[in-house]
Amino acid sequence: MSKELRTRLRKIKSSISSEIISRQPNVEESVFPKKVLDEFQLLSPYYDPIRLYNIVENAPALDACIEAMEANIDGFGHEFLYTGKKEDKFNDEVLAEKKMLEEFFDRVNEQQSFPILRRELRRGYETTGNAYIEVVRFPNRKIAALYRADERYVRLQKKQDNPVPVKIELNRFGMPKQITVYKRFRRYAMLVNPIQGQIRWFKEYGDPRRMCAVTGKYEDELQAGEKIQEEATEIIHIKHGNGIYGTPRWIGLTSVVLGLQYADFVNFDLFNNQVVPPLAVLVSNGTLTEDSVRDLCELFENKRGVDNFHKILILEALPVSTSNAMEDSRTAAKVDLKEFSMARKEDAIFKQYIELSEKRIRARYRLPPLYLGVAEEYSRSTSDSSKLVAEEQVFKPERNKFDEIVNLTIMKELGAKYWKFQTVGPRMIEGNEVIDAFEKFADAGVLTINQGIKIVNHVLGLDAQEYDQVWANYPVPLITELLKQGRLRDIEEIDLEAGDVDDALDRVDKFVKWAKDIKNEKAEKLATELRDVLIELKKAA
C-alpha cells in the first residue's frame with residue numbers, strides 16, 4: 001500500500017473523531033456585552049439565561065417537566081372569592097367590583113388574557129428561575145396593562161443606598177392601619193440595541209418616584225434643562241430562590257441534562273454517520289492491495305447514513321513470500337469473517353443511562369410519570385393517588401405563592417375590597433362521585449338549590465347563575481315540605497318571577513337528559529326531584 005493512501009486514511013480517521021464535539025459560541029456575549037454591564041453597573045445573572053433556554057429546548061425530558069408545571073399550575077384559569085359580609089354579596093358595589101376585575105383579567109393587554117400571560121411567565125420562571133411582569137399605568141397612576149418582560153434580556157442594578165419612604169396599609173387589631181416603611185429600590189434594564197449599547201430602564205414595583213425610561217434618571221437627578229422623555233414603567237420580579245437573581249430548580253442536574261443530549265446525539269450519529277461495517281472479510285498472511293485501501297477510504301468518506309448501514313467490507317491481500325530460504329513457495333493466505341457491531345445487540349446505546357437520567361429529572365420536579373405520558377404501570381387507584389400527591393405537594397403550593405403575589409400587588413392596586421384572586425386547580429373527583437355524594441347530602445337535608453346549581457356547573461362545565469332570592473339558600477327538603485303544607489306563599493323573602501323558574505327548569509331538564517344518556521339512575525332521580533320542587537315553586541309564584 002502506498003504512503004499516500006495510508007496518510008489519506010489517517011486524515012479521515014482524525015476528522016471523524018472530532019465531529020461530535022460542540023463548539024457553539026456563547027451567544028450572550030453578542031447580546032449583552034460585558035462593557036454594557038460595566039458601563040451601567042448592571043449585575044450579571046448567575047447563569048446565562050439564553051444558554052438556559054437553549055439547554056431546555058434540546059432536552060425533551062426537562063421540557064416535558066416544565067410543560068407539566070405550566071399546564072397544571074397555571075392552565076386551569078382563576079376565580080374571584082368573595083371576602084365580604086354574606087348579606088352584602090349581591091350589593092351593586094360588590095357586583096360592580098367583580099365585573100371590573102373580570103374585565104381587567106380577561107384582557108390585561110391588547111393581545112392577551114391573564115391566563116395566557118401567566119403561562120408565559122411560568123415558562124420563563126421554570127427555565128431561568130426568573131419572571132418579570134411589566135406594570136403600565138394611566139396618568140392617574142391606576143394600572144392600565146400588564147406585559148411579560150423577556151427574562152433573557154432583563155438585568156438588575158444593585159439596590160440603591162438611600163431608602164425611600166413608602167406608605168402602605170396593613171390590617172392590625174381588626175382594622176386597617178397606614179404606616180410608613182423605608183425601602184431601598186433598584187433599577188431594571190433591558191437591552192434594546194446590542195451594537196450601540198442602548199438601554200431601556202424600568203423601576204422596581206412600588207417605587208413612588210418618577211423616572212425616565214430613556215436615561216434611567218429619577219426626577220430629582222435631572223440636570224438643568226433635562227426632562228423626563230418617557231416615564232418608566234414598573235417591574236414585578238418573581239424569582240425562584242433568595243438570591244439577587246433566581247435560579248432554575250433543575251440547575252443542579254445540568255450535567256445530567258447535557259449527558260442526555262450527548263447520549264441522544266450518539267444514538268443519532270450511529271445512524272447518520274455509521275462507518276463501521278457489521279461484517280469484515282479479513283485475509284491473513286498477506287498484504288492489503290491498493291484497491292482495498294481505496295475501498296476503505298471510500299467507505300469512511302462516503303458510505304455513511306442508514307442506506308449503507310449493512311454494507312459488507314471486503315479486504316483483499318496478496319500472499320507474502322516465506323522468509324525460509326529453503327522454500328521457494330508462497331504461504332497460503334487465510335480468510336476470516338469478523339463481526340464488528342457489538343453495540344447493535346441492544347436497541348440503543350446508553351439505554352439504562354437515559355432511563356435513569358430521565359427519572360432523576362422527574363424526581364427533581366417531584367412529578368409522577370403519569371404527568372409525562374408514562375402511564376403503562378398505572379391503575380385507577382394508583383393514578384388517583386399520584387394526582388393527589390402531586391396536587392398537594394407540588395402544584396397547589398406554587399399556585400398559592402403566585403396568588404399571594406397577585407393579591408398583594410395587582411389586586412390591591414385595582415382597589416379590590418370584596419374579592420380575592422385565586423387560581424383554579426384541576427377537578428380531583430369524577431362526575432359520578434360528585435353525584436353520589438350530592439345524593440347523600442341532599443337526603444340529609446344539607447344542600448340547597450344554589451349549591452345544586454354549583455354542582456351542576458362543576459359536573460357539566462356550565463356557567464349557570466345562582467339565585468339571589470333567600471329561598472334558594474334553604475335546604476331542598478325544607479322547601480319540599482313547605483310546598484306540601486302550602487306554607488311557602490307565607491314566606492315574605494320569596495319574590496320570584498315565573499321566568500326565573502322557567503330558566504331553572506330548562507337547566508334541570510338538560511341535566512336530566514344528560515343523566516339518561518349516561519344511564520345514571522341516581523343522577524336522573526335526583527334531578528327529577530329537583531325539577532318537581534321548581535314546578536311547585538312556579539305555582540307558588
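These notebook entries record what I looked up in a predicted model.

**Conventions.** I number residues from 1 along each chain as its sequence is written, and I use heavy atoms for side-chain values, leaving out hydrogens and water. In this predicted model, local features need pLDDT of at least 70 and side-chain atom pairs count only at pLDDT 80 or more, whereas totals for chains, interfaces and linings use all residues.

**Cysteines.** I searched the whole structure for disulfides (pairs of cysteine sulfur atoms within 2.5 Å) and found 0. I then looked up burial (buried is under 20% relative accessible area, exposed over 50%, partly exposed in between; 1.4 Å probe, protein chains only). C65 is buried at 1% relative accessibility, and C212 is buried at 0%.

**N130.** I located N130 in strand 3, residues 130-137 (strands are DSSP runs of E, at least two residues, numbered from the N terminus). N130 counts as buried at 6% relative accessibility. A polar atom of the N130 side chain lies 2.7 Å from the backbone nitrogen of G246. Beyond its neighbours within four places in sequence, I find N130 in contact (heavy atoms within 4.5 Å) with residues including E151, H237 and Y245.

**Largest pocket.** I took a pocket as an open set of points on a 1 Å grid over the protein atoms alone, where a 1.4 Å probe fits, with protein on both sides within 12 Å along at least five of seven lines; lining residues have an atom within 4 Å of a point. I note 49 lining residues, with I168, Y205, L408, T409 and K412 nearest the centre. Strand 6 gives the most to this lining, 7 residues.

Notes: Helix = DSSP H or I, 4+ residues; strand = E, 2+ residues; numbered from the N terminus. Polar contact = N/O pair within 3.5 Å; in protein donor to acceptor, adjacent residues only side chain to side chain.
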